[in-house]
Amino acid sequence: MTIGWGLIGASTIAREWVIGAIRATGGEIRTVMSSNAERGKAYAQENGIANATTDLDALLADPEIRAVYISTTNELHLPQALAAAKAGKHILCEKPLALTLADAHTMVTAAREAGVVLATNHHLRNAGTHRAMRQAIRDGRIGRPLAARVFHAVYLPPHLQGWRLDRPEAGGGVILDITVHDADTLRFVLGDDPVEAVAMKQSAGMGQSGLEDGVMGVLRFKSGLIAQFHDAFTARYAETGFEVHGSEGSLVARNVMTQKPVGSVLLRNADGEAELEIDRTNLYETALSAFHGAILGKGTVAASGEDGIWSLATGLAVLTSATTNEACKINPGLSR
């Protein structure tokens, strides 16, 4: 069954990743909405989309559209998601779900009451590398996880700059853009939830209007595990990585905090060293396949609205700690 889609936002991420994943997994994109009519029309032509509009209501009124992908700036997610839920459309929303926990909860509740699927587009939990790490931990191959490290300092290319660097009212800054991904990936791989954050932020010249372009910190998890993270927009030549160290072994992953299905995972324990076998499936196709299945009543989404609440709660706690220079508890307002 072909599932009709509407794009809310003529975004780079949709063009580079999500449009292809929707089409590869049984979806058809019928309409793109942009606040700029000329941009929307050009975007539709460039990406083989039949219709472009500046009117959200018009997009949502199309009975052939069953799902929407929201990739606008963060402050617009709440009203657009509420309108989509009211119209009975399933929702895939970019992270962070919203700018406040109250708004994120409102979105999740609205989707539940409308009987529609709501998913958060946390792509990294779909990486074969991270899924291999999660399975190795579940299989007891490193014993009890004790500590983790995430290296996610990258260079924000010019075509992705703009609002991420100069619009605090839109949720700009590295924490709500990258640290939320770290939080979700850690939760997924470890099967554990963060409970406290300590962090310091940095403005190294790329971020404007007081927005941070770098952050380092530590998360404490429910199990007692502690996880170090470094996120930045300013590291031109750094590699990314993810390590988990346990009582009986370690997992060392390199070049894995990325949209591409690349990277490696090395397992070290008493048996020696071994490279884990990795599934190289496109991360977004994995996410969209699960989303389409959930719409059809066959399984669940890769990252739920509740997962989006958890990552937002963690990001906001990191931001609070980095602003106040005090440790901050993480409370997503969900039952544990």
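The dialogue below goes through a few helices and one histidine.

Modeller: This is a predicted model: local features need pLDDT of at least 70, side-chain atom pairs count only at pLDDT 80 or more, and totals for chains, interfaces and linings use all residues. Residues are numbered from 1 along each chain as its sequence is written, and side-chain values use heavy atoms, without hydrogens and water.

Biologist: How are two packed helices described?

Modeller: By the angle between their axes and the distance between the axes. Helices are DSSP runs (H or I, at least four residues), strands likewise (E, at least two), numbered from the N terminus. Axes are lines fitted to C-alpha atoms, for helices over the stretch in contact, and angles run from 0 to 180 degrees between N-to-C directions. Here the axes of helix 4 (residues 77-86) and helix 5 (residues 101-114) come within 9 Å and cross at roughly 10°. The two helices are therefore roughly parallel (under 35 degrees; over 145 is roughly antiparallel, 65 to 115 roughly perpendicular, the rest oblique).

Biologist: Which residues of helix 4 and helix 5 make the contact?

Modeller: Contact means heavy atoms within 4.5 Å. Helix 4 contributes His-77, Leu-78, Ala-81, Leu-82 and Ala-85. Helix 5 contributes Asp-103, Thr-106, Met-107, Ala-110, Ala-111 and Ala-114.

Biologist: Is His-181 buried or exposed?

Modeller: Buried means under 20% relative accessible area, exposed over 50%, partly exposed in between (1.4 Å probe, protein chains only). His-181 is buried, at 8%. His-181 lies in helix 8 (residues 174-190). Leaving aside neighbours within four places in sequence, His-181 contacts Lys-95, Asn-121, His-122, His-123, Leu-124 and His-152.

Biologist: Which residues of helix 1 are buried?

Modeller: Thr-12, Ala-14, Trp-17, Val-18, Ile-19, Ala-21 and Ile-22.
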